[in-house]
Amino acid sequence: MKKLSLLLSALVILTAPLAAQERPKVSEKPYGMMQKLAPLAGEWSMVNEYSPDGGKTWSKAPPATVTVEYRLKGMLLSEMPEDLDTPGFKLETDLTFDQYRDVYRKAVVDDTWGIMDVYEGTFEGDKLVMTNLKSGTTFPMGNGVQRAFRLTIEVTTPKRMMTIDASDDGGETWIPAYKLTYTK
């Protein structure tokens, strides 16, 4: 009997990690929605372009390498720059899916202001479109003007774009501000 008890205890110990790896039913939808973003994962060369005049002219920053990877059992997609020591504006982002509100959320923190900017949105066709209007993490521009941003993220590989449009009127109108080109 003692041998049987030891054998059963050993089986429980050995199979516990397998049971812990099973995805809980509550995780199925957000995990599936996060898997729609799988083309974003990997190492990318990113070129950032900025337009100070609503898309009439563009200034280009040198290419930077970024890594986009799944974390927390595939429930979080993080983007991090490879080299934090070179000059230039650096961002780290975390992207998740909220199954209760059916929206994706992206938290963005930069190395200049250090403010966590929060975006929320959904797929429109094959692009993920998000704004920071609902979160209220807009940027004060003076004279009571708050600048909002809209991210449009292509979910493709081996080349993709993310465009960032700005709005100073609460999202009534949008003007081009940034273009980020990612290449694997």
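Modeller: Happy to! Let's start with Asp165, which is buried, its relative accessible area being 12% (buried means under 20%, exposed over 50%, partly exposed in between, with a 1.4 Å probe and protein chains only). Asp165 sits in strand 11 (residues 159–167) and Arg150 in strand 10 (residues 145–154), so the bridge ties together parts 15 residues apart in sequence. Strands here are DSSP runs of E with at least two residues, and helices are runs of H or I with at least four, numbered from the N terminus.

A word on the basis: this is a predicted model, where local features need pLDDT of at least 70 and side-chain atom pairs count only at pLDDT 80 or more, while totals for chains, interfaces and linings use all residues. Residues are numbered from 1 along each chain as its sequence is written, and side-chain values use heavy atoms, leaving out hydrogens and water.

Next, Glu120 and Arg105 meet at 2.7 Å, N to O. Glu120 belongs to strand 7 (residues 116–124) and Arg105 to strand 6. Glu120 is buried at 19%, whereas Arg105 is partly exposed at 25%. Both belong to a network of salt bridges with shared partners, along with Asp98, Arg101 and Lys134.

Finally, Asp102 and Lys29 pair at 2.4 Å, N to O. Lys29 is in helix 2 (residues 28–35), and Asp102 lies 73 residues away in the loop between strands 5 and 6. The count comes to eight salt bridges.

Technical notes:
Salt bridge = Lys/Arg side-chain N within 4 Å of Asp/Glu carboxyl O.
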